[in-house]
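Biologist: Before I rely on the labels used for this structure, I would like to hear what each of them rests on. Please set every value against its definition.

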Amino acid sequence: MLLTVENLKVKYGNIQALHGISFNVDKGEIVTLIGANGAGKTTTLHSICRLPPPEAPKVVEGDIKFKGESILNTEPHTLVSVHNIALVPEGRHIFGNLTVKENLTLATYARKDTAGIKKQLDHVFELFPRLKERENQRSESLSGGEQQMLAVGRALMTGCDFLLLDEPSMGLSPLLKYELFRTLKRLNQEGMTILLIEQNASLALHLAHRGYVLDTGEMAAEGTSEELINDPEVKRAYLGG
Amino acid sequence: MKKYNVQIILAIALAILAYMAQEEIIGKYALSVLMFMGINVILSTSLNLVNGYMGEFSCGHAGFMAVGAYVSSVLGVMLFAKDKVFGPALLDPSLSIWIFPLIVIVGGVAAALAGLLVAIPSFKTRGDYLAIITIAANYIVISLVENIDTIGGARGFMGMKSVVKAMGKTVDMPWMPIWVFIFTILSVWIIRRFISSTFGKGVPAINQDEIAAEIMSVNTNKMKMVAFMLSSGLAGVAGALFAYILGYVNPGSFTILKSTEVLVMVYLGGMGSLSGSVLSAILFTLLLEALRPLQIIKWVVVPFLLILLMQFRPEGIMGNRELPDFFPRLKRFYAFKD
């Protein structure tokens, strides 16, 4: 198991957001965490990443292990430099006044291998040809979909082998959604492990190998994508019909 | 050869300055204005690192200046001058020319440590709260100095003139202008190197988006600490030089008014523009001197100019840009963006 989350209980102040959830992600898998608003998806992700306060939720019980080693008390910046985990945050968080290329190269802040960076940049441009076209454009002038591609591309530039995505389809047109998800599939085929947090359940389940359904801080269902898609309960609640 | 252009120009400028000061071609008044200009350059560029590049709001710069000024003054007087409280000189006065730069640097280090004390609790909070904490820190420093009687309390502390004299007696040169010049160039150089290094790129990244910086593996806490310490340390160096130029310090010189003056210089020059800060510090010093005949009305005119600036050019003289962006020819001498 690459990532194991065991009996995770998380609080924001006095309010308990997660009531002991467990899940795991194996190497080379795409696992998706779906659920409605307020189910605890983003909380789970923030507990893994430990982003700076005030965003950081407090883990009161349970453990998060990466490659068998607890990463509960690591600082967020070491996720990339030590564990090779990259995050594509909700709302993209790209550097608006830098160009596309500057955004991408900034992600190599902790990397020293110049040759590897060059290769990675070519790879990102190959995955997202549209970024190549807009290479020297200020990134705030990109459309929402292109910004999301940039956010994914930037995460890849860190040289990660584990990608965490928080609601990548948010605010994207259907066409761009499919384009983005196709690219994610291709990345997975190249060996990338992906944990995808998504509201668009049907899209996410069609991409992923396995899925977990969160409901108000508890694990409501889990299984392979097919099982979940055919599960009448999940179908009724999340897939609309 | 081309690589050393800037260094050669600076060395020649220093030589001319020293020669003119020695032969008294420029008067004492003009010389002191020049020296204060240098100090203001250090102050505004170092504050720009925190307020401009990092996007935090620190307004207690004068507090750190006071720490540097007092630590280096006491140290200098203790080592090289006869004083009522600290007794006879501990070292031979002829050593003073070697020890003096060290004394200034010790003042800077002390201020950097004071900066660290402020930085640790304050970076848990953000934005406006840092402003409040730094104002409080400024007041704490002033009250501390006012209440320690050994260093003169509110009356102030003197005796630094004899250290400067000891240097002059050992080797007859205008030491103060030389040291102010050297330290000014040094601190601008340090900040430039820091900002254009890969490590230092983390500072504007924090300014733009802290979360993005963190997930791009920038250690934001450490980065803030380093930038804040560098900034306050350089303020301490400026304070130390300030003390030795005047030969006398009192807590009244380092109040919130002084901090505000530095803030004005930063905003006048443009946030996140090093050459803007240098330029505005020079202009601001000249402006204050030119308005001196107006006496107290000066403090009506200067804030009024600030209001006009905010109305018509809120981004400051240079905005976010550097001199070579306006005059591409300068790039030959001084490539800013590496």
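Biologist: Which residues of α11(B) are called buried, and what makes a residue buried?

Modeller: A residue counts as buried if 20 or more other C-beta atoms, placed from the backbone, lie within 10 Å of its own, as exposed if there are 12 or fewer, and as partly exposed in between. In α11(B), the buried residues are Lys258(B), Ser259(B), Val262(B), Leu263(B), Met265(B), Val266(B), Tyr267(B), Leu268(B) and Gly269(B). This is a predicted model, in which local features need pLDDT of at least 70 and side-chain atom pairs pLDDT 80 or more, whereas totals for chains, interfaces and linings use all residues. Residues are numbered from 1 along each chain as its sequence is written, while chains are lettered from A and ligands numbered from 1 in the order in which they are written.

Biologist: What covers the buried residues of α11(B)?

Modeller: Their cover includes α2 (28-53), α3, α5, α12 (274-290) and α13 (298-312) of chain B, where a helix is a DSSP run of H or I with at least four residues, a strand is a run of E with at least two, and both are numbered from the N terminus. After α11(B) comes Gly270(B), with a positive phi near 115°.

Biologist: How do you know what α11(B) should span?

Modeller: The expected span is 1.5 Å times one less than the number of residues. For the 14 residues of α11(B) this gives 20 Å, and because its end C-alpha atoms are 20 Å apart, the two agree. Helix α5 (residues 128-147) of chain B, with 20 residues, reaches 29 Å from first to last C-alpha, close to the 28 Å expected.

Biologist: Which residues of α5(B) are buried, and why are they placed on the same side of it?

Modeller: Leu130(B), Thr134(B), Ala137(B), Asn138(B), Val141(B), Ile142(B) and Val145(B) are buried. They are placed on the same side of α5(B) because they cover an arc of only 130° around the axis, the arc being that of the directions from the helix axis to the C-beta atoms. On the other side of α5(B), Asp128(B), Ser143(B) and Asn147(B) are exposed, while the buried residues pack against α3 (61-80), α4 (96-122) and α11 (256-269) of chain B.

Biologist: Why is Ala111(B) called buried?

Modeller: Ala111(B), in helix α4 of chain B, has 33 other C-beta atoms within 10 Å and is therefore buried. Its C-alpha is 5.3 Å from that of Gly68(B), 43 residues away in sequence. Beyond neighbours within four places, its contacts (C-beta atoms, placed from the backbone, within 7 Å) include Phe64(B), Val67(B) and Gly68(B), as well as Ser232(B) and Gly233(B).

Biologist: What makes a nonpolar core, and how many residues has the largest one?

Modeller: A core is a set of buried Ala, Val, Leu, Ile, Met, Phe, Trp, Tyr and Cys residues joined through C-beta atoms within 7 Å. The largest has 161 residues, and Met216(B) is among those with the most contacts inside it. Helix α10 (residues 220-246) of chain B supplies the largest share of this core, 15 residues. Leaving aside neighbours within four places, Met216(B) contacts Val80(A), Leu106(A), Ala107(A), Tyr109(A) and Ala205(B).

Biologist: How do you know whether chain B agrees or disagrees with a compact globule?

Modeller: The radius of gyration, taken over C-alpha atoms, is set against 2.2 Å times the number of residues to the power 0.38. For 338 residues this rule gives a value near 20 Å, and chain B has 20 Å, which means that it agrees.

Key
Two residues are in contact if their C-beta atoms, placed from the backbone, lie within 7 Å.
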